[in-house]
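Colleague: I would like to learn how to read pockets, cavities and strand pairs in a model. Please take them one by one.

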Amino acid sequence: MGGVRPSVIRNMPRYSPADPARRYRGILGAFAALCLTLGDAYALDPIELSSPYFKPLSLYGHFDILIDEEGGLGVGDLDAPEIAARFFPSTARNANLGFTKAEIWARFSVRYGDTFDEPVVLVIDEPLIDHVDLYTAHASGSVTRAYSGDGYPFGERDYEYRNITFKLEPEPGTTVNYYLRIHSPTSAVGLPLSLYNESDFLSEATKENVLLGGYFGLMIGLSLSAVVLFALGRQITFFYYFLYLGFFALMMCAYSGYGMQFLWSDSPAVQQLSPKLLMVLTIITGVLFGRRFIDIRAHLASANKLFGAVLGVLGFGFVSYLAMSVHLGILAMMASGVAVCLIIMAGAFRAMVAGDSVALYFLVGFAAFTAGVLVMTLDMTGMIAPSPLTTYSLYLGSLVQFLSLSLALGERLWILQREKDIEIETVSVNLATLNDHLDEIVETRTQDLEERNRELSDLAIRDSLTGLYNHSTSIELLEQFLNQSQRYKFPIATVMVDIDHFKPINDTYGHQIGDKVLERVSRALTDSVRGADVVGRYGGEEFIIVMPHADAPAAREYGDRLLQKIREIAIPGKSGAHITASVGVSVFYPHGHRTSAPEVIRRADEALYRSKRDGRDRLTVESLTLVGSANDDQPVDKPSTRA
């Protein structure tokens, strides 16, 4: 395992938030005085290491602590009587200092046996501490410095290990004094210091890697199973579960130091941000998963408001962590996580009381996880003494949680499968019943389909308001009649009808009255034509009538009757108010002449507008010589207008 070896202190950079003027204060003269006085200033009895094969040793009670609130003390300042007096003995409780902006100093002394020639490993079981400087005051009088922490690239460590470690080179038959300076503005500070001989340390590290590797392997396995279940069942719950598991596993990687070791070893900035960011993502996906899995809204009416408030606090905490107060932000995020767990537990309890058996697993799992979070929070804030149980509380709580959730998901799958089987059985029974009446059903459905097709066909050719043929159908039928007239030599009269002053009717009485007027005019048109004639709504208040086998006199006679019929139409609800119309007619004689529907309609329109210009409420027959053949042996009328 490679790393940076301790070097002469004057050649090493030092991390400090203090003013640069104070950073190097006394650096030229203090170390000389330190070499002469450090041994005399040291207060604790040294730790006796007579053999390199000693058992792992916790240093609680074997080191002193000094809290430098302002920062800026150097190792050369520690021998001053007023500074030395501020050190106090460590215990398991007071060595857990929680969140603090202060620089923390710790000092201890080791007396090595005469034959001690194996490396000693100093372990600080806190992977998230930002900056740790180790100063070694050798018996020869020199002072060297080594550094570690997640504020530096992982490759610069003495050992490839998730926690902070230093390799101590023993000096047989001498006493060596050690000074630690800790500064960690982005995380809680704890000082669980231990000494290992190198072989025991490597063995313990391997065991720990196997243990925690199994934990993370289980988390990865559960995540992959959730992905598979989502792919098979397309249940969004499994996708949320996968996200929740994935972000939680990454968060635990970051908090345990494995993220720094394996995922982002060259990026201290990522290591310092990732635990908090992943905590936020874990809480958000936990809310999504919890709400979906047990439908909390159905059992806890205020769930949405509570989740909204908690997520608001969570967002505030993350922003505060980034831009304002690191400590306030972390506490707000932790409080949000605990609050989310409590809300989900309340919803799960309500669901369990309502008879949801799956909710019991959910309740047990989140209760265990909440307990783990609380213990971890108390441990990180220094409110309880650290121990293996507190150190691994979050691992144990999350393990119980995800095992319980796995059981819950398994039972939920079983319930879904049972419901699916029941549904399949019900469908099978229904299919059997349907088969017994298949002929009757097919006949009924066929009739319905034919009727529907007729309705659709009628809708395609009819105007929805009046029921007359629509614009395109009217033109198509006129074109067909023109083709037939060419073959069978019969005249065709085309009549265009336009209601006079229709816009003022709409503007004065409203569009509903206007629609009723259109309907009454449509009935008058259909009631006044022959069975073979075509009546259509050309557009707006304009109508078209195609009359095969009708010459000019017949068309004029029909137009006169039509005008009178329209004059009798009263405006609905308006006593004494009647309508009139203008009519234009063109007659086509096919002898030796071809024409088209647009041409015939154009001639009828010209006649219609002549009626409009001549005062409305009248009939105009267009000059037939413009439509028919000049050599026709039919009578030819001049353009005429008649009221």
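Colleague: How much space lies in the largest pocket?

Modeller: Rolling a probe the size of a water molecule over the atoms shows where empty space is left. On a 1 Å grid over the protein atoms alone, a pocket is an open set of points with protein on both sides within 12 Å along at least five of seven lines; a cavity is a set where a 1.4 Å probe fits but cannot get out; lining residues have an atom within 4 Å of a point. Volume is the space filled by probe spheres set on the points, which are joined across faces, edges and corners. Here the largest pocket holds about 890 Å³. The model is predicted: local features need pLDDT of at least 70, side-chain atom pairs count only at pLDDT 80 or more, and totals for chains, interfaces and linings use all residues. Residues are numbered from 1 along each chain as its sequence is written, and side-chain values use heavy atoms, without hydrogens and water.

Colleague: Which residues lie nearest the centre of the largest pocket?

Modeller: Of its 35 lining residues, Asp-125, Arg-162, Asn-163, Thr-391 and Tyr-392 lie nearest the centre. Helix 4 gives the most to this lining, five residues. Helices (H or I, at least four residues) and strands (E, at least two) are DSSP runs, numbered from the N terminus. The lining divides into 19 nonpolar, nine polar and seven charged residues. Nonpolar means Ala, Val, Leu, Ile, Met, Phe, Trp, Tyr, Cys and Pro; charged means Asp, Glu, Lys and Arg; the others, Gly among them, are polar.

Colleague: How many cavities of 30 Å³ or more does the structure hold?

Modeller: Four. The largest cavity has about 240 Å³ of space. Met-279, Ile-283, Gly-337, Phe-369 and Val-373 are the closest to its centre among 19 lining residues. Helix 10 supplies the largest share of that lining, six residues. By class, the lining has 16 nonpolar, three polar and no charged residues.

Colleague: And the strands: which way do the side chains of strand 10 point?

Modeller: In a regular strand the side chains alternate between the two faces of the sheet. In strand 10, Val-143, Arg-145 and Tyr-147 point one way and Thr-144, Ala-146 and Ser-148 the other, all of them buried (under 20% relative accessible area; exposed is over 50%, partly exposed in between, with a 1.4 Å probe and protein chains only).

Colleague: How many bridges join strand 9 to strand 10?

Modeller: Two strands pair if DSSP finds at least two bridges between them. Strand 9 (residues 131–137) and strand 10 run antiparallel, with six bridges. Ala-137 has Val-143 as its bridge partner.
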